[in-house]
Amino acid sequence: MSPKRILSITLQVAVVLVVLSLVVGQLLGQPVLLSFVETGSMQPTLDPGDGFVAIPAPLAGDVGVGDVVTFDAQEIEGGGLTTHRVVEETERGYVTQGDNNPFTDQDGGEPVVQDADVVAVALQVGGSVVVIPHLGTVAMGIQSGLASFQTWLAVTFGVRSFQGTQGLAYILFALSAVAYAADWYANRNSRETRERDRSRDDGTSVFAIVAVLAIVLMATATAAMVVPAGTQEYGVVSAEFESENPTVIERGTSQELEYVVPNAGLVPVYAYVTPASPGVDVDPQRLTVGSRGEASTTVTLTAPPETGYYRLLVAEHRYLAVLPHGVVDELYGVHPWAPIVAIDGLLGGVVVGLGLVLLRGEPARIRSRESRERPPLYRRLLRQIYR
């Protein structure tokens, strides 16, 4: 393959990854590598439609004053993801403000932002945010076009499943199938294709096939670990009196609640339930949940001495039980994402290893007249076993 062809493919893959990360991030409500702003609250740092590199909060490390963060707002524009700058750090959390706003978010009624609310941190170099101009404008245009197309499909065929993320998956699969069919039709009589079929060294790379299978398996495993997990919020009122309501707690006292971790999958999981804000205690913090079962732990909420409304948070992380519990404990102690990386690596490595061992790295081809004299794969495998 020529360097020019390699560069072309690399650029195409990069463009696809950028577009997918933006569109998928918007659909999931979670920045994926890249994000953007839609309003002018961060001007002149970020104009409406400008993009930026979004570092996931677990990888970004400690948040400090001056950082531009994307957090899950409770009140701003009805709630949802908001990108503003941290202007003050207090015992209860972070005070945030848009660079173009005359007052802080908390002066406008937004609760103090806590670590569990922060989903991403904007990449800064030399104290300045790395800005990608108009990236969000393009992403919003693509997202709007996809939404309109999905709505048209749903109305035309009378099938609601064409909408949302599930419908997007259907569309991408269909487009891939159409592209493959078009490519096959355009090259069906090509002399180069006939020569490739007769060649031992050409054809569809087995490594490419098993790599795709490995990626699909790792993506599925990651979704099974990440999607059910997250942050549980308890809205607690610190009151002057006792109450039968478990979240109305007499100031300075505590209330115990049961926290249930369900597992709807066939593979057992390890769940780690930990405090994500002051005033919360969890015991035990580590659970093993069997196949299609559930387990529970006790969450203790403590009302602050001052009366008022407080947000107390609990964070949950879960991992497929394909590694020994002790190994997952050690990796979790390094970083909550470390077990996910290790589990994905294990699953992907097993798929790739088995594929290469069984198929011995030979190219996969549709059998032709020239290759009929060659024994089929299962016979060659039997010969290898019994020779």
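1. Leaving aside its neighbours within four places in sequence, which residues is Tyr319 in contact with? In this predicted model, the partners of Tyr319 are Met225, Pro268, Val269, Tyr270, Tyr272, Val328, Tyr332, Pro336, Pro339, Ile340 and Ile343, once those sequence neighbours are set aside.

2. Tyr319 also belongs to the largest nonpolar core, which has 32 residues, and it is listed there with Tyr234, Val299, Leu301 and Val314 as having the most contacts inside that core. Apart from this core lies another, of ten residues, including Ala54, Ala120, Ala122 and Val129. As general background, nonpolar side chains in soluble globular proteins tend to be buried together.

3. On aromatic pairs, a search of the whole structure finds four. One of them joins Phe149 and Trp152, whose rings are stacked, at 6.1 Å centre to centre and with 15° between the planes. Both residues lie in helix α3 (residues 135-157), where they are three residues apart, about one turn of the helix. Phe149 has 38% relative accessibility and therefore counts as partly exposed.

4. Tyr319 and Tyr332 form an aromatic pair of the edge-to-face kind, with 6.2 Å centre to centre and 70° between the planes. Because Tyr319 lies in strand β17 (residues 308-320) and Tyr332 in helix α7 (residues 325-334), the pair ties together parts that are 13 residues apart in sequence.

Key
Residues are numbered from 1 along each chain as its sequence is written. This is a predicted model: local features need pLDDT of at least 70, side-chain atom pairs count only at pLDDT 80 or more; totals for chains, interfaces and linings use all residues. Side-chain values use heavy atoms; hydrogens and water are left out. A nonpolar core is a set of buried Ala, Val, Leu, Ile, Met, Phe, Trp, Tyr and Cys residues joined through side-chain atoms within 4.5 Å. Buried means under 20% relative accessible area, exposed over 50%, partly exposed in between (1.4 Å probe, protein chains only). Contact means heavy atoms within 4.5 Å. Rings of Phe, Tyr and Trp (its six-membered ring) pair if their centres lie within 6.5 Å; planes under 30 degrees apart count as stacked, over 60 as edge-to-face and the rest as tilted. Helices (H or I, at least four residues) and strands (E, at least two) are DSSP runs, numbered from the N terminus.
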